[in-house]
Each structure stands twice: as structure tokens, then as C-alpha cells.
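Here are a few notes from my pass through the model, in numbered points. Have it open while you read.

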Amino acid sequence: RLHLVTWNVGTASPPPDVTSLLQLNSLGPTIDMYVIGLQEVNSRITNFLSDLAFEDPWSIFFMTVLSPLGYIKISSVRMQGLLLLIFVKQVHLPFVQSIRSQYTRTGLYGYWGNKGGVSIRMSLYGQTICFMNCHLPAHMENTGQRLDDFEKILEMQFEGKTVSSPLDHDVLFWFGDLNFRIADYGIHFVRESINNKRYNLLWEKDQLNMAKKTEAFLREFIEGPLQFKPTYKFDLYSDVYDTSEKKRKPAWTDRILWRVKNLCQDASKEVKFSEEQQSVSVTLSNYVSHMSYGISDHKPVTGTFRLELKSHLLIPLVMLNPEGEWSAERDVIIRYSTAPEFPSSAWDWIGLFKVTFRHVNDYITYAWVEDDEISSNKDSKQVYMSAAEIPNTGGEFLLCYYSNNLRSIAGISEPFQIQPSQASVEKDLVQEENSWMQKPDNLES
């Protein structure tokens, strides 16, 4: 299950709560992957430079929310105000491979990144998927420019030999502030239709719907029905459409579409596949806006999908385990084995992580698989970690094998305990005793 978010946040800071946005209280099946595409993240020079050196506030915010629930940030890409984040449940980590990111500037004739697209591609259980977050040119009259820019974004090339273009992927998700407007109709007719919830009266004049009928490169993109209010433009912290002097006409600027490679659609609009191509199925479960969020003049839009994949990868390429009992008192041993087809590298490493780690660089310490190797045979290999690097306080941890060639975690161990060092135990006892001695006596009245 995939939950995809697109939101033009208008340079605002994260809101206090995103429970409803992320469906965290949903009674349905657990979400396996979150894909979060933001536009107009604060990109002033001072903010942007600090975000390059450290995680930006939005990334930290979503990691803080999702990490305790067992989600790991597997990739992110930012281009000025455009930000794309992807989180997956920990259990899926070894089956997400060949992660690459890319961006395309289209602002100022391609020299400025205030408009354009950021993308992340991956292999998920052996099937290729690409996510593309776009911010296209604004204003009613710029439909042609929006289409030209999107065609240019589709030409971006990913590093790697297998899949280089977004359109080459088994599934391509296209979303963002696409800025398409409602043509021809006047503002009073548009607002009256919205007030009466007769959204269907506006669909045929939606510029994206119109373009899909005439532009060949758009025809294979699918979108759910627009059965929610247009998401632009609102007064801040309200569900009232623009009351400023400009009185912008409402529009569905914020959209989520997808394209399945080699998809065949019959006359009844039901999605079907030939037997040869029936490897990926995408079903839209929910396509809604979230009116309660008012930090910007756009409302966020989410799409919840069920992806059914014919898996080409059922067993992790790397199996690894800690050897014996671990503590900070002595050097420790890790044993691992790899599948025959695994593309190992001298730059691969094994990291020690807390069980609630947030992303691949959130390790406590690591060992190089070649430099720290102590034994090897046809069935398995062993590497060591120095006692000096093991946390004295102990606790629950796990091991992850990071593949440099796949740009992803290729194997993950079961959680295990590290025993605290004797010095740490004695220190805790002393602190506990001091704390007890400093408490006032309980005097009877």
C-alpha cells in the first residue's frame, strides 16, 4: 500500500499535526510506503544553504513522525523549493534497490530551479518505479508552457544502465503543483458549482483534462475522479477561497497521476493486462484533499494506492547475523552471506543501527566488508567491529548491509540485544543510589 502526498506549502513551517494527512489513525491496512512531494519549501539562500549542510525542517519533521512507527527514509531529493521524500516500512528495505534521484530545472529557461521536477526511481521487488514531483508555471494563459516543461522533465536521464528515462519504468507516478486551471468559465459559475458540489460541471474545462485529449504523451496517464473541491487558492488558515483584490479563480492545481507501462484499457475503462505483461497492477483506493490544513493557499492532496507486483526478488541478497553475545567489553563478529548474483563492492559496509533508526546514515558505527574482514569461505564471511565503537549503555540494535552498487540496504538482521558494559552498569547504580539519597524523607504527620 502506497500513500502519496502532494502539497504546495507556501514557504510555511510544518504544521503541529499530520495524523489525518498520513492516515495514521486509519483502521485499514498499514501503509507500506509514503511518498511526500512538497513545493515552495522555504528556499531563501540562508535557508537553502543550511538545509544543504543539515536536514531541512520538513524532512526532520516527517522523520520524527514516521520513524517511531517503523518507517525508514530511503531517499530524498531537493531542488530549491521542490522536495521529494520516500519512506518505507523496515521489512521492505532489502527489496528496494537501485535507488537514483535526479532533477530538471525549467525556471528562467532552465537556469533556475524555482520551477521544474525532482524524481526518485527504484526497483521494488524487482519491478521499476519512478516518482516525479513537479512545480509547473503558473497563470491561466501558460498551459502551453506547462506542457512544454513537463515534456522536458520527462527527458531527464537517471544514472545507471538498466532504466534511464522516467517513461521506461514499469510504473511512473506524476504529481505536484501542476498549476493547470479551469478555462472559459467565469469565477461566479466556478464558485457556484463548487458550493453546490457539482464538480463534474467543471471537469471538461480543466486544462489538464483538456490536454489529455489532445496531447499524445499525456494519454497514458491515469487520474482518479476530481470529487473534491479545487485546492487553490484559499485564504490562509481557512477554507474560504481567495478574498484578496486578485480574487483568483479556484482550480485543481494539485494533482496525482500515474502511468503503467504497456497498459491496455478496454472500452469500459477497466484496467487490464495481457498475460505477458501482467507483472504490475495499480489500483487507486482513495484520492482526496485535506481541507483542515491552512498553512498555505493550497490544500494538500493525497492518493492511496494498492500496488500488486509480480516479485522477482523474494529473498534478500544479503543475510547477516551478529555472532555470539554482544557487549562493549570486547570486539564483536558479524557473519554474512550473499546471493550468487549479488554485485558486491569494496565500498560496501555493514552498519550498526538502533532499531528505530531514521535513514541509512543514522548508524552508530560501521565496518567495511573488505577492510574489516577476518575470515571467508564459499558459504559466508566474517567481519569485526571494535569494542571501542560499541555503545557502552547497550540496548536493542540491528545490522544493515549497505550496497554501494545498488545504493540501498541489501540485507537487514533481526533485532538483537547488546549488553551494557560493567562500567556503565556501575555508573547507573551510583546515579540511582545518589538520586535515592537526595530524596526527602517521608515524614508521618
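This is a predicted model: local features need pLDDT of at least 70, side-chain atom pairs count only at pLDDT 80 or more; totals for chains, interfaces and linings use all residues.

**Notes on packing**

1. Leaving aside residues up to four places away in sequence, W326 is in contact with V332, I333, I334, L352, M385, I390, L399, F416, Q417, I418 and Q419.

2. The largest nonpolar core has 78 residues, and the members touching the most other members are F131, F173 and W326. As for secondary structure, strand β22 (residues 395-403) is the top contributor to this core, giving 6 residues.

3. Where does this core lie relative to domain 1 and domain 2? Both domain 1 (2-309) and domain 2 (318-426) supply residues to the core, so it sits between them.

4. As background, nonpolar side chains in soluble globular proteins tend to be buried together.

5. Now for helix α4, which spans residues 187-195 and buries V190, S193 and I194. Looking down the α4 axis, those buried residues stay within an arc of 100 degrees, so they line one face of the helix. What do they pack against? The partner is α5 (200-203).

6. One backbone detail to check: just after α4, K197 has a positive phi of about 55 degrees.

Conventions. Residues are numbered from 1 along each chain as its sequence is written. Side-chain values use heavy atoms; hydrogens and water are left out. A nonpolar core is a set of buried Ala, Val, Leu, Ile, Met, Phe, Trp, Tyr and Cys residues joined through side-chain atoms within 4.5 Å. Buried means under 20% relative accessible area, exposed over 50%, partly exposed in between (1.4 Å probe, protein chains only). Helices (H or I, at least four residues) and strands (E, at least two) are DSSP runs, numbered from the N terminus. Domain bounds come from an automatic or database domain assignment. Contact means heavy atoms within 4.5 Å. The arc is that of the directions from the helix axis to the C-beta atoms.
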